[in-house]
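I opened a new page today to jot down what I looked up in this structure.

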Amino acid sequence: MRLENSTVIEQFADQGDYRRLVLHAPAIAPEVRPGQFVHMRLPAPADAILRRPFSVFRTHADMLEILYKPLGRGTRAMQRLSRGDAVGLLGPLGNGFPMPSPVTVPALVAGGYGMAALYLLARAVRRAGIVFVGGATASDILCVPEFKALGWEVRIATEDGSLGVRGLVTAPLDAWLAADLGDRRPELFACGPNPMLRAVGDRAIAGGWRAWLSVDRSMGCGVGACLTCVQKVRDPAAPDGWTWARVCREGPVFECRDIVWEDGE
Amino acid sequence: MTPTPDLSARIGSLSLRNPVMVASGTFGYGPEYAELVDLERLGAIVVKGICLEPTRGNPPPRTVETPSGLINAIGLPGPGLEGFVREYLPFLRSVPTPVIVNIWGRTVEEYGEVAARLDATDGVHALEINVSCPNIREGSHAFGVRLDSFRRVVETVRARASKPIIPKLAPNVSDIAAFARAAEECGADAISLINSVPAMAVDIETRRPKLANVIGGLTGPAIHPIAVKLVWEAAGAVRIPTIAMGGIVSPADAIEFLIVGAAAVAVGTATFVEPRTAHAVVDGIREYLVRHGLRSVAELTGSLRTGRDPCGG
Ligand SMILES: Cc1cc2nc3c(=O)[nH]c(=O)nc-3n(C[C@H](O)[C@H](O)[C@H](O)COP(=O)(O)O)c2cc1C
Ligand code: FES
């Protein structure tokens, strides 16, 4: 975990509203493990005071790349960053994904820009696996060429049917689990909205496989001090069998059996 | 050459190497920031609020960012007294920086019990009494907004602890000076202020509160001018030292507090943004003292120049 004044190398538009920001971060970039994140100090507006957490999409030597969609005040201001601008980074943070067991087929499941959090894992695994990606429409299906370049198979679902099969990402996932898997064991790695994570976890529990879920929670400090980012997790020693875990420290990745979902999640 | 100014500060029997602490609830229990912050350069570490038993706090969302501020309703989760002593105190004892434990209870008796037990615990140097957290209430009020319950808490803690005690004042009272004086009369060694300012935010699309707890406490730059005014009034009413907090981001914010009467300051929310803010504030105070030809922080404390009596506008 380090503080670094990184500089913008470039920023460019990806599909739809998505953007990519490439930073020169020689202290942090080489230390990032798959599934970890960085906490970024935004340039402006000055009244958006907190840092914002971003999954690291990929690193290359001293470079660190983030994929984001301008949604709130903070991320809209990020669009104005250009070459040479300074950006305060804190990272790498969080536990990250474990490496898949050598006897499983790694299956990644992403919702929208959840894809960004999974690319480093795919790159680190020395064998090709399969990626399932879902989104509202074709422009939400990101990073497909990057995964294909690693030799991974990509299966797509969109809610409007504009790309891949029509429906949720669980549709192609279920088809694969039922038909193509044979006697191999999958190991699931997922990043996306909570209902998607929960659906992936349910399948893993039913099938007796492991599923590693990267949970998204709003954050304050990013280092475990403010207790903003809590997620209910199983703890047999605690009253009622659960306790809060800090997504920024104990997470963001949890095995699906450890998570206690709330109604409506 | 001007000699290096004296940055030390005194809180009762406790002496601090510099007047800049980290505020309760914004620095965990110490180890969280140890990789990023030089703990030996802090005036003191004030840990997250501790009560007798382990507590879970509120469900998320627990914080929401607002213009120049942060509203929190963390709800005082914690490991409880024994958990704190077992899990965190060994680490804190290894750091040569005074540790101030922020304490709270659901009843006056609980305040007394936590205080007595921490008073007997090595490695705890002072107690900050949290009577003002918007998330703890006696009946429908926080202990800290009624003079009678405030007095009972401070008297009880005083009776059971010989280490320095520091009642932390709530900002949402009509006469802060009365609370400051009550603290002094009940034997407090110092006062600290301000705790967060009761606040609320609503998502207009869903018409739901942005915090699971509905209401919370506002902190950060948004509350700084409010805090400056309250520190001025409180510090002016007592002889015991005042520890000021509320929206410190830069050395200038801390110097402002010292000028209106604070003997020491604490950095809170700003640490989340720039973990080394407290270091920058110490450096900035030193530089300011040199530039103004002052020999000590004490010379700056309460040096506000006013041409008239305080009566507002
Ligand atoms: C996330 C958070 C948690 C806090 N927890 C506590 C606490 O446990 N006890 C307490 O007395 N004050 C607590 N506070 C209040 C701070 O100690 C401080 O009084 C307040 O944040 C004002 O300072 P600031 O504007 O620099 O943050 C908390 C503040 C924040 C932001
Ligand atoms: S963001 Fe502060 S504890 Fe996780």
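**Entry 1: where the two chains meet**

I started with one pair: the side chains of B:E274 and A:R51 meet in a salt bridge, 3.2 Å from N to O. I call it a salt bridge when a side-chain nitrogen of Lys or Arg is within 4 Å of a carboxyl oxygen of Asp or Glu. Side chains of opposite charge can pair when their charged atoms come close.

Before going on, I noted that this is a predicted model, where local features need pLDDT of at least 70, side-chain atom pairs count only at pLDDT 80 or more, and totals for chains, interfaces and linings use all residues. I also noted that residues are numbered from 1 along each chain as its sequence is written, that chains are lettered from A and ligands numbered from 1 in the order in which they are written, and that side-chain values use heavy atoms, with hydrogens and water left out.

How many salt bridges does the rule find across the interface of chain B and chain A? I got four. Searching the whole structure, over all chains, gave me 25. I then looked at B:E65, which forms a salt bridge with A:R52, with the closest N and O atoms 2.7 Å apart. B:E65 lies in strand β5 of chain B and A:R52 in strand β4 (residues 52-55) of chain A, so this pair joins two chains. Strands here are DSSP runs of E with at least two residues, helices are runs of H or I with at least four, and both are numbered from the N terminus.

**Entry 2: the whole interface**

I counted 31 residues of chain B in contact (heavy atoms within 4.5 Å) with 29 residues of chain A. The area buried between the chains is about 2,500 Å², and carbon and sulfur atoms give 58% of it. Buried area is the accessible area (1.4 Å probe) that two parts lose on being put together, summed over both. On the chain B side, B:R56, B:E65 and B:V273 lose the most area to chain A, together 27% of what that side buries.

**Entry 3: the ligand**

Next I checked ligand 1, which has 23 residues around it (a heavy atom within 4 Å); B:S24, B:N102, B:K168, B:G247 and B:T269 are the closest. A polar side-chain atom of B:N102 is 2.8 Å from an oxygen atom of the ligand. Is ligand 1 buried or exposed by the protein? Taken alone it exposes 610 Å², and the protein buries 98% of that. These areas come from the Shrake-Rupley method with a 1.4 Å probe.

I found a cis peptide bond from A:G91 to A:P92, with omega near -10°. A:P92 sits in strand β7 (residues 86-93) of chain A. In chain B, the bond from B:P60 to B:P61 is cis as well, with omega near -5°, and B:P61 is in the loop between β4 (44-50) and β5. Last, A:A61 has phi near 50°, a positive value in a residue other than glycine. I found A:A61 in the loop between β5 (58-60) and β6 (63-68) of chain A.

Key
Polar contact = N/O pair within 3.5 Å; in protein donor to acceptor, adjacent residues only side chain to side chain.
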